[in-house]
Amino acid sequence: MGKRGNLSELMRYAGRRRYLTYSSWLLSAVSALLALAPFVFVWLIVREVLWADGDFAAVGGALAVYGWWAVGSALLSMLVYFAALMCSHVAAFRVAGNMRKRAMRHIASLPAGFMSGLGSGRVRRIVNESSGATETYLAHQLPDMVGAFVTPVGMLALLFVFDWRLGLLSLVPTVLGFIIMSKMTGKGMAEKMKEYQSALEDMNNEAVEYVRGVPVVKTFGQTVFSFKRFKGSIDSYHKWVIAYTKSLMWPMVAFTTAVNCVFVPLIIAGLCFTAGGVDGNFLLNLIFYIIFTPIISVTLMKVMFMSENSLIVSDALNRIHSIINLAPLPETGNPIEPSDNSIEFKDVAFRYADAVGDALKGVSFKVEAGQTVALVGPSGGGKTTAAGLIARFWDVSHGSVSVGGVNVKDIAKKTLSDTVAYVFQDSRLLKTSIYENVLMGRPDATREEVLTALRDAQCDDILAKFPHGADTVIGGKGVYLSGGEQQRIAIARVMLKDAPIVVLDEATASLDAENETEIQQAISGLIKDKTVVIIAHRLRTVEDADKLVLIKDGKVAEQGTPAELKENGGIYAGMLALQKQSADWRI
């Protein structure tokens with residue numbers, strides 16, 4: 001993507017609605033000029049009062065006319081400004097919507113491993129809050145910015161029309177304020193804003209992970225300090241904000257003092273210019289400047305905060321583009337259809353982005369079509385990484401992963417997706433009906449096929465709890481499901497998909513005995529007549545597997561049938577003995 005200005009990039013998202021944005025600027029500028037008119041009419045009222053010399057009856061009509069003109073111009077300014085906001089809001093909503101759609105469409109094209117790399121909390125904040133920042137900028141801040149820059153133009157004209165000497169003196173605090181403001185909102189501010197948003201992202205991401213771990217906290221009586229990364233992100237944010245606030249304390253004091261002391265030069269001028277006697281015209285002009293100059297303070301404050309807002313938008317666009325610029329895995333121009341449902345790893349090595357070492361090193365094994373193969377071994381050994389490579393969540397660093405004798409890189413994305421079904425350890429459901437959650441597995445399925453999948457996945461008791469059955473909306477009106485219930489519905493979705501290869505990543509981990517039994521029955525129906533790869537820590541659940549592949553420290557340490565590995569007395573036999581010992585343990 002070529003380098004564009006923030007505004008041109010936003011207008012690209014606006015499409016034809018960009019003309020509404022331009023209209024809002026014009027209307028805002030007209031509103032800003034109309035807002036200056038009441039001050040002129042007030043000055044005319046003051047002039048009539050001073051010239052009346054006590055005979056107010058003679059000028060009563062003029063006072064009423066000027067008063068109504070002041071009120072009318074103020075109301076007209078408000079109406080024009082309202083019209084400007086109407087135009088800007090319509091365009092801003094279109095920009096924010098298009099930005100989110102484009103980001104989500106691109107995220108959908110990225111491999112599943114992308115989310116684990118960035119973190120769901122960080123991605124959600126980038127998509128929602130970054131696009132929200134642009135919406136606020138276009139809907140409110142940009143029209144206000146146009147008005148804030150047009151206002152000084154009208155002010156300059158008025159400042160020099162009445163008394164050029166007082167006008168120049170009124171600009172002294174303004175110039176001083178701009179100098180101080182430029183020091184606070186330069187390149188250093190852009191870098192600080194980036195650091196600030198990054199600190200917020202880290203804290204938000206760690207908060208999501210912490211909330212997900214609350215059940216563990218409650219179960220084991222832990223405190224927030226058990227989640228060191230979350231507390232560390234809060235401490236880092238606190239330290240950064242305090243240091244940044246202190247660094248801006250005195251510049252902000254100086255700026256506020258400068259923009260609010262516009263009366264000081266006028267008072268000094270009044271004393272100096274009237275030392276030899278009071279001039280009626282000078283006094284009248286001085287009154288006008290005293291009434292009018294507070295606008296300078298308000299305008300400068302608006303300009304300062306708008307400079308900060310433009311930095312926020314620039315950072316928001318950079319963050320959105322940090323996702324959009326992520327390249328999906330390359331697609332082959334000549335896709336090849338797999339010949340069967342076998343899986344083969346050949347000397348596979350894989351390293352995660354920014355990792356210091358390989359997660360997998362020289363991994364080789366084969367799963368024949370129709371076989372059930374279990375990946376076992378110590379935690380952190382690389383089992384989940386290997387399973388993810390089958391579905392092409394990532395691309396290997398070295399070697400190859402093949403399905404049906406074809407490198408997964410040479411298989412069309414849709415074909416691979418239709419061939420491999422993945423059941424995660426912690427499956428997530430969308431906030432929609434149970435029926436629609438399952439239908440995602442095969443969108444063209446009939447309702448009867450969806451209900452059959454739910455029945456085969458042992459979900460009848462779940463549907464029986466709710467009056468609307470499969471049409472019950474999850475997460476709405478107090479409808480929530482346990483982890484085991486969500487897992488069964490996720491299995492129903494995979495059953496409906498009916499892919500010939502099924503990968504089960506600890507599908508029964510951390511479940512109670514009742515849910516585990518239900519899910520085991522559902523899995524039995526799911527894997528029938530399919531090629532299956534199971535990741536398991538409970539070795540008793542894979543005793544009937546056709547083959548075991550034990551992965552330790554990223555390497556294949558052992559492989560063979562469960563009986564062969566048990567007789568060899570190696571790592572698997574030791575793990576089996578330890579698990580049997582823990583199962584027989586009693587208080």
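These legends walk through several close-up views of one predicted protein model. Because the model is predicted, local features need pLDDT of at least 70 and side-chain atom pairs count only at pLDDT 80 or more, while totals for chains, interfaces and linings use all residues. Residues are numbered from 1 along each chain as its sequence is written, and side-chain values use heavy atoms, with hydrogens and water left out.

**View 1. The whole chain, to get your bearings.** The protein chain has 21 helices and ten strands; helices (H or I, at least four residues) and strands (E, at least two) are DSSP runs, numbered from the N terminus. Of its 587 residues, 45% count as buried, where buried means under 20% relative accessible area (1.4 Å probe, protein chains only). Take contacts, meaning heavy atoms within 4.5 Å, between residues at least 6 apart in sequence: 77% of them join residues at least 24 apart.

**View 2. The largest nonpolar core.** A nonpolar core is a set of buried Ala, Val, Leu, Ile, Met, Phe, Trp, Tyr and Cys residues joined through side-chain atoms within 4.5 Å. The largest one holds 47 residues, and L454 and I491 have the most contacts inside it. Helix α18 (residues 483-497) gives this core its largest share, six residues. Setting aside neighbours within four places in sequence, I491 touches V423, A457, I519, A522, I523 and L526. A second, separate core has 33 residues, among them A359, A387, A391 and V420.

View 3. Follow the four strands in the order β2-β1-β4-β5, with antiparallel pairing; two strands pair if DSSP finds at least two bridges between them. The edges are β2 (360-367) and β5 (406-407), each pairing on one side only. Strand β4 (residues 398-403) is joined to β5 by two bridges, and V403 has V406 of β5 as its bridge partner. Helix α13 (residues 383-390) lies across β1 (343-350), β2 and β4, at about 120° to β1. For such angles, axes are lines fitted to C-alpha atoms, for helices over the stretch in contact, and angles run from 0 to 180 degrees between N-to-C directions.

**View 4. L550 and its surroundings.** Look for L550 in strand β9 (residues 547-552). L550 counts as buried because its relative accessibility is 0%. L375 is 175 residues away in sequence, yet the C-alpha atoms of L550 and L375 are 5.9 Å apart in space. Beyond neighbours within four places in sequence, the contacts of L550 include V376, G377, I571, Y572 and M575.

Key. Buried means under 20% relative accessible area, exposed over 50%, partly exposed in between (1.4 Å probe, protein chains only).
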